[in-house]
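Let's take a walk through this structure together, with an eye on its rings, its charges and one of its helices.

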Amino acid sequence: MTDRNALIQPDHGQSAIALHLVDKAGLADWMKTLNAGQRSALAAQKFEGGGYETAIVPDGDGWFAVAGIANTASLSSWCLAKLAEVLPGGTYRLAREEALGAKGPGVAQAMHGWVTGQYRFDRYRKDAKPNEPRVLLTKHVKAIGPALAEAGAVLTVRDLVNTPAEDMGPGALEAEARALAKAHHAMIHVHSGDALEHDYPMIHAVGRAASRHHAPRLIELEWGDPAHPRVAVVGKGVCFDSGGLDIKPSAGMALMKKDMGGAAHALALAGLIMAQGLKVRLHLLVPAVENAISGNAMRPGDILRTRQGLSVEVTNTDAEGRLVLGDALTRASEGKPALVIDFATLTGAARVALGPDLPAMFARTDETADALLRAGQARDDACWRLPLHEGYREYLKSDVADLQNSPANGFAGASVAALFLDRFVGEGIDWAHFDTFAWRPNPKPGRPKGGDALGLRAAWGLLLERFGA
């Protein structure tokens, strides 16, 4: 397996193959620097400088590579991704590195795609010819550590989401959290099994039907100086979602190993916060369950107690994610945090509205929403704000309880689910919620088909802006 942290290294003049980045505006001038044979080689490969076009060009006894990108003055996270996927193993350096990305984040941003473009999920298979690593040399030495950390967090999400439910159940999520705690000298506490029933009744109700091997739990980790602002990061950890007694059809269950994608985002973000020494008091919470079916499964019509004290009528057992998050958000609010961010693969309605690439983002304040939008754009991790519309709160009314978990009218499903969560976040607390897909149905350079982080880098950018490392 490739050592991800070795894919970008300081440039001390080592032997390396040159990588040229060109855009259509500068292609003609760049071509004038080539000899006739090199221009012919580009023509034979039909290279015109378009985005994600690549070519190999002979150069004396060797060769160099060229990639077409949108704008050499403003590099994106993905401008090197295609090269990282298609080039043979070896060591490379960017030609004219100092001149690239002069009007944007520059080479540091491009490092992201170089690393993520080489991702392979190979836990369950052995390739006959494994890919040799492609190493990028750079003179931007100070950017290497942060770039590798951010890319590593994204790849952590991919690994966790791609792992099937039998190997990534509640216990496995706990093991991931314990490994994080050990690595960063954090405190960890886990409430599990029937011990949840009194203090976290909704988490218990959702997860109680699973086998003892996959018993429900609430995972809590704390790290950092208590004098620093408290930040709570919460992730939905439904490790498999059958739908419960409102069972999903088989097609709807096919990807439900990814229903813990929110937890994967939360764990990865917590790892970034600790590794980069953010000046916060971190409180990580992961309600980890399997929404299974057995004789003691929760039923439609059941009325659940909650940690907050509200009663919830279960109108659909397949709307379980908001239930486990409700108890976790209540617990997070008890610490009076300066900010709460939660991630959840919560609603199909968000995917209908925004498709697979854009996570729906909700925030109580315009300031936080705008900061997340800016951070997402800057890091090529765009999100889209949807409303916490007050007029839709009436959809959560129940005839027999304080609120219901899933209205039958089908309107504004993502907003209504977010409004449900809002009832469990303490009054006056700054809160942002990501309804993310955590999956790419189609590959793109640097972003293969499968589990992926969507919204993670936007949240990280906000935290850096607000709290600084």
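Searching the whole structure, which is a predicted model, turns up 8 aromatic pairs. Take Y395 and F411 as a worked case: their ring centres lie 6.3 Å apart and the planes meet at 50°, which falls between the 30 and 60 degree limits, so this pair counts as tilted. The two partners are 16 residues apart and join distant parts of the chain. Y395 belongs to the loop between β16 (384-385) and β17 (403-404), while F411 is found in the loop between β17 and α14.

F411 comes out at 51%, and since exposed means over 50%, F411 is exposed.

Elsewhere, ring pairs tie W63, Y92 and W114 together into a cluster.

Rings also meet charges here. The charged end of R447 is placed over the ring of W78, at 4.1 Å from its centre. In another such contact, R158 lies over the face of Y119, 5.3 Å from the ring centre.

The buried residues are A414, S415, V416, A417, A418, L419, F420, L421 and D422.

Note on methods. Residues numbered from 1 in each chain as written. Predicted model: local features only at pLDDT ≥ 70, side-chain atom pairs only at ≥ 80, totals over all residues. Heavy atoms only, no water. Buried < 20%, exposed > 50% of the residue type's maximum accessible area, 1.4 Å probe, protein only. Helix = DSSP H or I, 4+ residues; strand = E, 2+ residues; numbered from the N terminus. Phe/Tyr/Trp six-rings, centres within 6.5 Å; stacked < 30°, edge-to-face > 60°. Lys NZ or Arg CZ within 6 Å of the ring centre and 35° of its normal.
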